[in-house]
Amino acid sequence: MSEGGEKELGIIVGVAKPDYVRFESRRPVSVGEYVVMQSCGEKILALVERSFVKSDALGDSIRNYDEASESLQVAAENKRDKSYKADARIIGYLEKLRRCKAVMPALPPEPGTLIYEATTADLAKVFAPEGTEWAHMGSLLRNVEVEVRANIDKVVSRHLAVLAMTGMGKSNLVSLLAKEIARVGGTMIIFDYHDDYSTLDLGRNAANLMPAKINPRMLPADKLAEVIEIQENASNQIHVLRQALTQDVQQRKGDDFWDSLVAGARAVGAEEKMYREAAAKVEDKIDYVRKKFRNILDPGMADPIALIKNGKINVINLVELTEKQANVSVSYYLEELLDDRKRATRQAKDRIQSAEDLKSPPRFNAPVLVVIEEAHVFIPKDEKTETKYFASKVAREGRKFGLGLVIVSQRPRSIDANILSQMGSLAVMRMIQPDDQMQVSAASEALSRDLIDQLPSLNPGEAVFAGQWVNLPTFVRADEVKERKIGGDLKAVEQWSQLAAAKEIAKESSDSYVPPGYIQD
Ligand SMILES: Nc1ncnc2c1ncn2[C@@H]1O[C@H](COP(=O)(O)OP(=O)(O)OP(=O)(O)O)[C@@H](O)[C@H]1O
């Protein structure tokens, strides 16, 4: 035991480097364990990255089973038979790490230096710093008694990517973030593509659940064309729509908007023969979407942005939208939010309100964090989408204006590499596809090859946190959010059994009403 109460674990042997030491240990050491040592009067933290167990009696020289069996007895009787060696990577001086600085020793610790188990107090200094910006996320994977906190300010200012295979705990982690942001009264907007968050119960009315709605009056003709499912290459139809969507039509509310849009399209067809067929098709499409998406396309509503509440976890449900509509909707929100935050920031800085600000003051006077689920759909590699342009703007400029981005995906290999590389922090869970691993590794310097190699062995809820939201890249067991009521795999057999039991009861009770002699199916 050292003066500081650490348990002695081993002694450095062989050659040590400023960033690597090998030590002989009293006991087997787990990969991922933290150890400390003294050098030049200061404590150094190191992480075990390789662990070896060797037996002298049961070495490679054993030639057959009988020899192995005899050696087993020798090994059991000889207390010195086993050797536990480990390689630990030096992370830096403990005190400096607390302040987010990884400073390496200039000289390697000498062979013979004692290695100690890191205490909970040592590790808490690095992984659970004090301060309201540090939010509880879980515990260290290999030292579960040590809490892990993440810096929410850094998430908002430098963005975050949550990446993992399906079912590994991405939505749970976003829910955890939401819970912590709700605790400090922050504003978060989750674009919920698969209805994963409608049951997130954060209490105290912290969540604001709303369906994604699009006001077609507020869209330019090209975006309206996408929303009403006009093909990109149907240039005549797009021409008709452009002509029909006049400023006068855009002023009309409710059904009057659709009626005058149809009238406009008809007029274009009547005026120019070559557009007659296209005009008829546009008319059909308007009729179709008007009925089919009555709940989503609403020309009578106020600006959709007005439904987002400051200081709440806003969950915008996209489940009923087509992929194109979802894209138009998310891009609209992003564009408006960025514009609003720019105006709010400028106003706060200059203390001058422009004429536009006086007419419609910014809605969000404090930072906002936006979460895009299924990021590979909205910001794909090698493909242009409505959302991609604005997401990339937010990724580049959001920091200055307090608009943070969290992208969530099970397919990192299909996300735009530029946007992914702008994510200052990462939470990566189980991932086995080499293409995904390569893309993540290329996007962030914070994840070493050693960390990436361990991703396939993680269980649901276990993650590597890296980047600016933590002092050190580390393996974390994220807390399970009990306030989220779905996410587990569906229990089909249980539900079918319940269905069968219910049918049986219904049959028994209806049998009692059937007159004797009556034949049933
Ligand atoms: N931190 C955790 N601790 C324990 N179990 C967890 C944790 N996180 C997730 N799980 C479990 O893993 C399962 C899937 O979680 P979740 O829905 O968050 O995964 P996902 O990656 O978002 O999945 P999908 O890609 O299908 O949306 C759930 O059953 C959940 O209970």
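Residues are numbered from 1 along each chain as its sequence is written. Since the model is predicted, local features need pLDDT of at least 70 and side-chain atom pairs count only at pLDDT 80 or more, while totals for chains, interfaces and linings use all residues.

Let's begin with the barrel. Six strands close up in the order S1-S2-S5-S4-S3-S6, and the pairing is antiparallel. Neighbouring strands in this sheet are turned by 40° against each other on average, direction ignored. A few terms first: helices (H or I, at least four residues) and strands (E, at least two) are DSSP runs, numbered from the N terminus, and two strands pair if DSSP finds at least two bridges between them. Axes are lines fitted to C-alpha atoms, for helices over the stretch in contact, and angles run from 0 to 180 degrees between N-to-C directions.

Strand S4 (residues 42-55) runs antiparallel to strand S5 (residues 82-93), with eleven bridges joining them; Arg-50 has Asp-87 in S5 as its bridge partner. Strand S1 (residues 8-12) joins S6 through three bridges, antiparallel, with Ile-11 partnered by Leu-114. Strand S3 (residues 34-39) also runs antiparallel to S6, over two bridges, and here Val-35 stands opposite Glu-117.

Now for the other sheet. This one is open, with eleven strands in the order S8-S7-S17-S16-S15-S9-S14-S13-S10-S12-S11 and mixed pairing. Strand S8 (147-151) and strand S11 (207-211) stand at the edges with a single partner strand each, so one side of each has no neighbour in the sheet. On average, neighbouring strands here are turned by 30° against each other, direction ignored.

Strand S13 (residues 368-372) and strand S14 (residues 403-409) pair in the parallel sense over five bridges, and Val-368 has Leu-403 in S14 as its bridge partner. Helix H11 (residues 323-350) packs on the sheet and touches strand S10 (187-192), S13 and S14, its direction making about 165° with that of S13. Helix H14 (residues 386-401) packs on the sheet too, touching S13 and S14, at about 140° to the direction of S14. Contact here means that the C-beta atoms of two residues, placed from the backbone, lie within 7 Å.

Strand S9 (residues 160-163) is worth a look as well. S9 pairs with S14 in the parallel sense over four bridges, where Ala-161 is partnered by Ile-407. Four bridges also join S9 to strand S15 (residues 425-428), again parallel, and Leu-160 has Ser-425 as its partner there. In a regular strand the side chains alternate between the two faces of the sheet. Both faces of S9 are covered: Leu-160 and Val-162 on one side, and Ala-161 and Leu-163 on the other, are all buried. A residue counts as buried if 20 or more other C-beta atoms lie within 10 Å of its own, exposed if 12 or fewer, and partly exposed in between, with C-beta atoms placed from the backbone.

Finally, take two helices, H9 (254-271) and H10 (residues 276-292). The 18 residues of H9 should span 26 Å at 1.5 Å a residue, and its end C-alpha atoms are 27 Å apart, which agrees; the expected span is 1.5 Å times one less than the number of residues. Phe-257, Leu-261, Gly-264, Ala-265, Val-268 and Gly-269 are the buried residues of H9. Seen down the axis, they fall within an arc of 135°, so they line one face of the helix; the arc is that of the directions from the helix axis to the C-beta atoms. They pack against H7, helix H8 (247-251) and H10. On the other side of H9, Gly-254, Asp-255, Ala-263, Ala-270 and Glu-271 are exposed.

H10 has buried residues Ala-278, Ala-279, Val-282, Ile-286 and Val-289. Down the axis of H10 these fall within an arc of 100°, so they line one face. Their cover includes helix H7 (235-244) and H9, while Asp-284, Tyr-288, Lys-291 and Lys-292 are exposed on the other side of H10.
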